[in-house]
Amino acid sequence: MIAVRRESEQVYLLIKRELLSGQFRPGDRVDSASLRPIVGTSHIPVREALQRLCGEGLIEAFRGEGFFIPYVTESSLAGQFEFQHTVLAYCAHKGMPVDPEVLRQIDFAALRALPKAEATARLFVAVAIASRNIGAERAVRQANDGLHVVRTLTEDLIADRLQEFDHLSETWRAGDLAAFEAALARYFEKRLALVPQFVRRLERPADLT
């Protein structure tokens with residue numbers, strides 16, 4: 001039974017990684033048969049993983065039609081950004097100033113070297129962990145997953161993303177709640193203003209935008 005659970009978890013993680021890789025675009029069909037060669041297992045664990053990913057909002061299921069990447073609308077994307085902003089603001093209030101033990105576990109130099117979309121997502125998880133609220137941490141992680149492809153495919157539309165990340169990181173590490181809240185507000189305001197461009201980018205390849 002333990003081996004079965006391990007296989008199921010591995011299949012879930014492999015498919016989730018594939019979905020977050022940017023290979024799929026909104027409206028694409030996610031066919032369980034085509035995924036089996038990637039995960040190297042039978043139909044049942046693949047379908048179970050797809051159902052689990054439906055629960056996380058990464059894909060949608062339509063009876064008789066299969067699984068699809070959800071379409072992104074301006075209102076749905078704006079709602080995702082607004083939700084994550086709200087949760088992170090809560091986490092900042094609960095977790096700042098940051099416990100030194102949490103800070104010691106983060107390699108900020110390595111974090112800064114990552115693509116800024118990934119670095120910011122990891123910083124947001126750290127903010128959530130510092131709040132010591134498991135529900136809030138789960139919400140931030142799920143929001144990160146939901147926004148991952150958006151951030152990856154549209155990162156170049158944010159000109160000052162390195163400076164933006166540095167300011168978020170520095171104010172959080174310093175325990176300056178007011179400055180971090182202001183930086184967080186600017187981060188999300190900037191993206192809300194670009195939502196129409198983000199949606200157009202997701203609808204077609206970057207070289208056609």
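Trainee: Which residues of the lining lie nearest the centre of the largest cavity?
Mentor: This model is predicted: local features need pLDDT of at least 70, side-chain atom pairs count only at 80 or more, and totals for chains, interfaces and linings use all residues. Residues are numbered from 1 along each chain as its sequence is written, and side-chain values use heavy atoms, leaving out hydrogens and water. A cavity is a set of points on a 1 Å grid over the protein atoms alone where a 1.4 Å probe fits but cannot get out; lining residues have an atom within 4 Å of a point. The lining has 14 residues, and nearest the centre lie Arg151, Glu155, Ile158, Tyr187 and Arg191.

Trainee: Which elements give two or more residues to that lining?
Mentor: Helices here are DSSP runs (H or I, at least four residues), and strands are E runs of at least two. The contributors are helices H7 (116–130), H8 (134–154), H9 (161–174) and H10 (177–193).

Trainee: How many residues of the lining are charged?
Mentor: Asp, Glu, Lys and Arg count as charged. The lining has six nonpolar and two polar residues, and its charged residues number six.

Trainee: Which residue in E3 stands opposite Phe62?
Mentor: E2 and E3 run antiparallel. Opposite Phe62 stands Gly66.

Key
Two strands pair if DSSP finds at least two bridges between them. On a 1 Å grid over the protein atoms alone, a cavity is a set of points where a 1.4 Å probe fits but cannot get out, and a pocket is an open set with protein on both sides within 12 Å along at least five of seven lines; lining residues have an atom within 4 Å of a point.
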